[in-house]
Amino acid sequence: MCFGVRRAIKLVTEAAGEYGKIETLGPVAHNEQLVERLEKAGVRAVADLGQASGEAIAIPTHGVGPEVLSEIEARKLQVLDITCPIVKKAQRCAARLARAGFTVVIFGEAEHSEVKGLLGWTRGKGIAAMSAEEVAHPPALSRLGIISQTTQNRDSFVAFINQLTTAFAPFVGEFRIISTLCQAIQRRLEEAVRLARRNQLLIVIGGHNSANTRRLAEACASITETRLVAAAEEVDKSWLLGKRNIGVTAGASTPGEAIDGVVARLESLAKLVG
Ligand code: F3S
(Lines give C-alpha, C1' and ligand atoms only; values in the text may rest on other atoms or scores of the structure.)
Protein backbone atom coordinates (compact mmCIF):
# COMPACT_ATOMS: atom_id res chain seq x y z
CA MET A 1 0.00 0.00 0.00
CA CYS A 2 1.12 3.57 -0.63
CA PHE A 3 1.99 5.74 2.36
CA GLY A 4 -1.16 7.89 1.93
CA VAL A 5 -3.49 4.90 2.34
CA ARG A 6 -1.41 3.40 5.18
CA ARG A 7 -1.52 6.74 7.01
CA ALA A 8 -5.30 7.02 6.48
CA ILE A 9 -5.92 3.50 7.82
CA LYS A 10 -3.83 4.21 10.92
CA LEU A 11 -5.67 7.49 11.64
CA VAL A 12 -9.22 6.13 11.17
CA THR A 13 -8.48 2.96 13.10
CA GLU A 14 -7.11 4.98 16.01
CA ALA A 15 -10.18 7.27 15.89
CA ALA A 16 -12.55 4.27 15.83
CA GLY A 17 -10.71 2.85 18.85
CA GLU A 18 -11.03 6.16 20.70
CA TYR A 19 -14.70 6.97 19.86
CA GLY A 20 -16.05 3.41 19.49
CA LYS A 21 -16.80 4.05 15.78
CA ILE A 22 -16.09 6.58 13.04
CA GLU A 23 -17.78 7.33 9.73
CA THR A 24 -15.96 8.32 6.55
CA LEU A 25 -17.41 10.40 3.72
CA GLY A 26 -17.10 7.76 1.00
CA PRO A 27 -14.65 4.86 1.23
CA VAL A 28 -11.22 5.53 2.81
CA ALA A 29 -9.75 4.32 -0.52
CA HIS A 30 -11.26 2.52 -3.52
CA ASN A 31 -10.87 -1.10 -2.44
CA GLU A 32 -13.83 -3.19 -1.26
CA GLN A 33 -11.79 -5.61 0.86
CA LEU A 34 -10.17 -2.70 2.65
CA VAL A 35 -13.58 -1.11 3.28
CA GLU A 36 -14.91 -4.44 4.66
CA ARG A 37 -11.85 -4.87 6.89
CA LEU A 38 -12.22 -1.35 8.25
CA GLU A 39 -15.94 -1.87 8.89
CA LYS A 40 -15.01 -4.69 11.29
CA ALA A 41 -12.77 -2.19 13.11
CA GLY A 42 -15.68 0.29 13.50
CA VAL A 43 -15.04 2.45 10.39
CA ARG A 44 -18.21 2.88 8.31
CA ALA A 45 -18.34 4.61 4.92
CA VAL A 46 -21.36 6.86 4.27
CA ALA A 47 -22.30 8.05 0.77
CA ASP A 48 -23.18 11.62 1.81
CA LEU A 49 -23.36 13.85 4.86
CA GLY A 50 -27.11 13.24 5.20
CA GLN A 51 -26.31 9.64 6.19
CA ALA A 52 -23.83 10.65 8.91
CA SER A 53 -25.08 9.57 12.32
CA GLY A 54 -22.08 10.29 14.56
CA GLU A 55 -20.52 13.47 15.94
CA ALA A 56 -17.44 13.23 13.73
CA ILE A 57 -16.76 12.49 10.07
CA ALA A 58 -13.51 11.49 8.39
CA ILE A 59 -12.56 12.90 5.00
CA PRO A 60 -10.99 10.13 2.91
CA THR A 61 -7.60 10.02 1.14
CA HIS A 62 -8.85 11.62 -2.10
CA GLY A 63 -10.06 14.74 -0.22
CA VAL A 64 -13.06 17.05 -0.68
CA GLY A 65 -13.69 20.61 -1.84
CA PRO A 66 -14.26 23.63 0.46
CA GLU A 67 -18.04 23.50 -0.11
CA VAL A 68 -18.13 20.08 1.57
CA LEU A 69 -16.05 21.38 4.49
CA SER A 70 -18.54 24.25 4.90
CA GLU A 71 -21.44 21.78 4.93
CA ILE A 72 -19.68 19.70 7.59
CA GLU A 73 -19.20 22.85 9.66
CA ALA A 74 -22.88 23.84 9.21
CA ARG A 75 -23.88 20.40 10.51
CA LYS A 76 -21.59 20.97 13.52
CA LEU A 77 -19.67 17.75 12.91
CA GLN A 78 -16.06 17.30 14.00
CA VAL A 79 -13.65 16.61 11.15
CA LEU A 80 -10.94 13.98 10.98
CA ASP A 81 -9.03 14.94 7.85
CA ILE A 82 -7.16 11.93 6.46
CA THR A 83 -6.72 13.41 2.97
CA CYS A 84 -3.40 12.19 1.54
CA PRO A 85 -0.74 14.95 1.88
CA ILE A 86 0.01 14.65 -1.87
CA VAL A 87 -3.66 15.35 -2.65
CA LYS A 88 -3.61 18.26 -0.18
CA LYS A 89 -0.68 19.73 -2.09
CA ALA A 90 -2.62 19.41 -5.37
CA GLN A 91 -5.59 21.17 -3.72
CA ARG A 92 -3.33 24.04 -2.59
CA CYS A 93 -1.95 24.35 -6.16
CA ALA A 94 -5.49 24.46 -7.61
CA ALA A 95 -6.54 27.16 -5.13
CA ARG A 96 -3.35 29.22 -5.65
CA LEU A 97 -3.66 29.19 -9.44
CA ALA A 98 -7.34 30.17 -9.31
CA ARG A 99 -6.59 33.01 -6.86
CA ALA A 100 -3.84 34.27 -9.18
CA GLY A 101 -6.37 34.59 -12.02
CA PHE A 102 -5.66 31.38 -13.94
CA THR A 103 -8.30 29.17 -15.47
CA VAL A 104 -7.26 25.80 -14.00
CA VAL A 105 -7.34 22.73 -16.22
CA ILE A 106 -7.16 19.50 -14.23
CA PHE A 107 -5.99 16.45 -16.13
CA GLY A 108 -8.37 13.80 -14.80
CA GLU A 109 -11.82 12.25 -14.98
CA ALA A 110 -14.51 14.73 -13.90
CA GLU A 111 -16.36 12.01 -11.98
CA HIS A 112 -13.36 10.92 -9.90
CA SER A 113 -13.71 11.93 -6.22
CA GLU A 114 -10.29 13.58 -6.09
CA VAL A 115 -10.99 15.64 -9.22
CA LYS A 116 -14.34 16.80 -7.80
CA GLY A 117 -12.46 18.04 -4.72
CA LEU A 118 -9.78 19.79 -6.83
CA LEU A 119 -12.48 21.50 -8.92
CA GLY A 120 -14.04 22.73 -5.67
CA TRP A 121 -10.74 24.38 -4.65
CA THR A 122 -10.66 26.34 -7.94
CA ARG A 123 -13.96 27.91 -6.80
CA GLY A 124 -15.62 27.77 -10.20
CA LYS A 125 -12.47 28.46 -12.25
CA GLY A 126 -11.60 24.85 -12.99
CA ILE A 127 -12.17 22.45 -15.88
CA ALA A 128 -11.56 18.69 -15.71
CA ALA A 129 -10.47 17.09 -18.98
CA MET A 130 -8.67 14.07 -20.39
CA SER A 131 -7.93 15.66 -23.79
CA ALA A 132 -7.55 19.18 -25.23
CA GLU A 133 -10.79 18.74 -27.20
CA GLU A 134 -12.69 18.55 -23.91
CA VAL A 135 -11.49 22.01 -22.91
CA ALA A 136 -13.97 24.49 -24.38
CA HIS A 137 -12.45 27.90 -25.02
CA PRO A 138 -13.64 30.20 -22.19
CA PRO A 139 -14.34 33.78 -23.35
CA ALA A 140 -11.71 35.51 -21.20
CA LEU A 141 -8.89 33.02 -21.31
CA SER A 142 -5.54 34.73 -20.98
CA ARG A 143 -3.86 32.69 -18.25
CA LEU A 144 -4.08 28.92 -18.20
CA GLY A 145 -2.90 26.77 -15.29
CA ILE A 146 -2.51 23.02 -15.78
CA ILE A 147 -2.35 20.46 -12.98
CA SER A 148 -3.12 16.76 -12.75
CA GLN A 149 -5.12 14.33 -10.66
CA THR A 150 -2.36 12.83 -8.50
CA THR A 151 -2.64 9.24 -9.75
CA GLN A 152 -2.57 9.91 -13.49
CA ASN A 153 0.18 8.46 -15.63
CA ARG A 154 3.14 10.82 -16.22
CA ASP A 155 3.46 10.11 -19.97
CA SER A 156 -0.25 10.77 -20.49
CA PHE A 157 0.02 14.04 -18.53
CA VAL A 158 2.97 15.17 -20.66
CA ALA A 159 1.04 14.32 -23.85
CA PHE A 160 -1.96 16.27 -22.52
CA ILE A 161 0.23 19.32 -21.76
CA ASN A 162 1.65 19.22 -25.31
CA GLN A 163 -1.83 18.96 -26.83
CA LEU A 164 -3.23 21.75 -24.70
CA THR A 165 -0.36 24.22 -25.09
CA THR A 166 -0.32 23.65 -28.87
CA ALA A 167 -4.10 24.12 -29.21
CA PHE A 168 -4.32 27.15 -26.90
CA ALA A 169 -1.06 29.00 -27.67
CA PRO A 170 -2.81 31.43 -30.07
CA PHE A 171 -5.19 32.62 -27.32
CA VAL A 172 -3.28 32.29 -24.05
CA GLY A 173 -0.74 34.82 -22.80
CA GLU A 174 0.60 32.76 -19.90
CA PHE A 175 0.66 29.05 -19.15
CA ARG A 176 1.57 27.77 -15.70
CA ILE A 177 2.09 24.03 -15.37
CA ILE A 178 2.49 22.35 -11.97
CA SER A 179 3.16 18.66 -11.65
CA THR A 180 0.88 17.38 -8.91
CA LEU A 181 1.53 13.74 -9.78
CA CYS A 182 2.15 11.22 -7.00
CA GLN A 183 5.70 9.84 -7.37
CA ALA A 184 4.79 6.63 -5.50
CA ILE A 185 2.28 5.85 -8.27
CA GLN A 186 4.79 6.65 -11.03
CA ARG A 187 7.37 4.30 -9.50
CA ARG A 188 4.75 1.56 -9.14
CA LEU A 189 3.75 1.99 -12.77
CA GLU A 190 7.36 1.84 -13.98
CA GLU A 191 7.94 -1.35 -11.93
CA ALA A 192 4.75 -2.90 -13.29
CA VAL A 193 5.78 -2.16 -16.88
CA ARG A 194 9.21 -3.73 -16.21
CA LEU A 195 7.47 -6.79 -14.77
CA ALA A 196 5.13 -6.98 -17.77
CA ARG A 197 8.14 -7.06 -20.13
CA ARG A 198 9.62 -10.06 -18.31
CA ASN A 199 6.46 -12.19 -17.94
CA GLN A 200 3.95 -13.96 -20.17
CA LEU A 201 1.07 -13.09 -17.86
CA LEU A 202 0.69 -10.21 -15.42
CA ILE A 203 -1.86 -10.30 -12.62
CA VAL A 204 -2.81 -6.86 -11.30
CA ILE A 205 -4.54 -7.06 -7.91
CA GLY A 206 -6.87 -4.30 -6.75
CA GLY A 207 -10.39 -2.95 -6.67
CA HIS A 208 -12.22 -2.96 -10.03
CA ASN A 209 -13.35 0.58 -9.11
CA SER A 210 -9.81 1.75 -8.28
CA ALA A 211 -8.60 4.19 -10.95
CA ASN A 212 -4.89 3.66 -10.20
CA THR A 213 -5.28 -0.14 -10.37
CA ARG A 214 -7.10 0.11 -13.72
CA ARG A 215 -4.35 2.35 -15.08
CA LEU A 216 -1.68 -0.18 -14.03
CA ALA A 217 -3.59 -2.90 -15.89
CA GLU A 218 -4.08 -0.70 -18.98
CA ALA A 219 -0.39 0.19 -19.18
CA CYS A 220 0.67 -3.47 -18.90
CA ALA A 221 -2.00 -4.84 -21.27
CA SER A 222 -0.21 -3.33 -24.27
CA ILE A 223 2.95 -5.29 -23.32
CA THR A 224 1.74 -8.70 -22.14
CA GLU A 225 -1.44 -10.61 -21.29
CA THR A 226 -2.81 -8.82 -18.23
CA ARG A 227 -5.64 -9.71 -15.84
CA LEU A 228 -7.10 -7.43 -13.18
CA VAL A 229 -8.45 -9.30 -10.15
CA ALA A 230 -9.78 -8.07 -6.82
CA ALA A 231 -9.41 -11.40 -5.01
CA ALA A 232 -7.93 -14.92 -5.30
CA GLU A 233 -11.19 -16.60 -6.39
CA GLU A 234 -11.24 -14.50 -9.58
CA VAL A 235 -8.05 -16.17 -10.87
CA ASP A 236 -8.97 -18.68 -13.59
CA LYS A 237 -6.92 -21.84 -14.04
CA SER A 238 -7.03 -21.51 -17.85
CA TRP A 239 -4.96 -18.31 -17.68
CA LEU A 240 -1.94 -20.33 -16.53
CA LEU A 241 -1.97 -22.88 -19.36
CA GLY A 242 1.24 -22.69 -21.39
CA LYS A 243 2.77 -19.94 -19.21
CA ARG A 244 6.26 -20.25 -17.75
CA ASN A 245 6.51 -16.84 -16.07
CA ILE A 246 3.78 -14.94 -14.28
CA GLY A 247 4.20 -11.52 -12.66
CA VAL A 248 2.07 -10.08 -9.87
CA THR A 249 1.58 -6.43 -8.96
CA ALA A 250 -1.06 -4.49 -7.01
CA GLY A 251 -2.77 -1.10 -6.80
CA ALA A 252 -1.96 1.48 -4.13
CA SER A 253 -4.88 0.57 -1.85
CA THR A 254 -4.72 -3.24 -2.14
CA PRO A 255 -4.48 -4.94 1.27
CA GLY A 256 -1.60 -7.39 1.83
CA GLU A 257 -4.09 -10.25 2.52
CA ALA A 258 -5.52 -9.91 -1.01
CA ILE A 259 -2.02 -10.15 -2.51
CA ASP A 260 -1.08 -13.15 -0.34
CA GLY A 261 -4.36 -14.88 -1.31
CA VAL A 262 -3.78 -14.40 -5.05
CA VAL A 263 -0.16 -15.57 -4.85
CA ALA A 264 -1.19 -18.68 -2.87
CA ARG A 265 -3.89 -19.52 -5.44
CA LEU A 266 -1.45 -19.01 -8.33
CA GLU A 267 1.05 -21.34 -6.65
CA SER A 268 -1.55 -24.07 -6.11
CA LEU A 269 -2.96 -23.71 -9.67
CA ALA A 270 0.57 -23.82 -11.09
CA LYS A 271 1.03 -27.26 -9.49
CA LEU A 272 -2.27 -28.45 -11.04
CA VAL A 273 -1.52 -27.29 -14.59
CA GLY A 274 2.11 -28.38 -14.32
FE1 F3S B 1 -1.53 9.57 -1.82
FE2 F3S B 1 -0.23 8.69 -3.90
FE3 F3S B 1 -1.36 7.02 -2.24
S4 F3S B 1 -1.60 10.40 -3.86
S5 F3S B 1 -3.12 8.07 -1.43
S6 F3S B 1 0.37 8.38 -1.78
S7 F3S B 1 -1.35 6.84 -4.43
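1. Buried here means under 20% relative accessible area, exposed means over 50%, and partly exposed is in between (1.4 Å probe, protein chains only). By that scale Glu 225 is partly exposed at 29%, and Arg 227 is partly exposed too, at 30%. Their side chains meet in a salt bridge, 3.2 Å from N to O; the term takes a side-chain nitrogen of Lys or Arg within 4 Å of a carboxyl oxygen of Asp or Glu.

2. Quick housekeeping. This is a predicted model, where local features need pLDDT of at least 70 and side-chain atom pairs count only at pLDDT 80 or more, while totals for chains, interfaces and linings use all residues. Residues are numbered from 1 along each chain as its sequence is written, and side-chain values use heavy atoms, with hydrogens and water left out.

3. On to the other salt bridges: the structure holds 13 of them. One of these pairs Glu 109 with Arg 215, with the closest N and O atoms 3.7 Å apart. The two partners sit 106 residues apart in the chain, Glu 109 in the loop between β5 (103-107) and α5 (113-121) and Arg 215 in helix α8 (residues 211-221). Helices (H or I, at least four residues) and strands (E, at least two) are DSSP runs, numbered from the N terminus. Arg 215 is buried at 13%, whereas Glu 109 is partly exposed at 27%.

4. Another pair is Glu 190 with Arg 154, whose closest N and O atoms are 3.0 Å apart. Glu 190 is partly exposed at 36%, and so is Arg 154 at 31%. There is also a network of salt bridges linking Arg 143, Glu 174 and Arg 176.

5. Now the inside. The largest nonpolar core has 19 residues, and those with the most contacts inside it are Val 5, Val 12, Ile 22, Val 28, Leu 34, Leu 38 and Val 43. A core of this kind is a set of buried Ala, Val, Leu, Ile, Met, Phe, Trp, Tyr and Cys residues joined through side-chain atoms within 4.5 Å. Two or more residues come from each of α1 (3-19), α2 (32-40) and β3 (56-59), with α1 giving the most, six residues.

6. Last, Arg 96 in helix α4 (residues 85-99). Arg 96 is partly exposed, at 45%.
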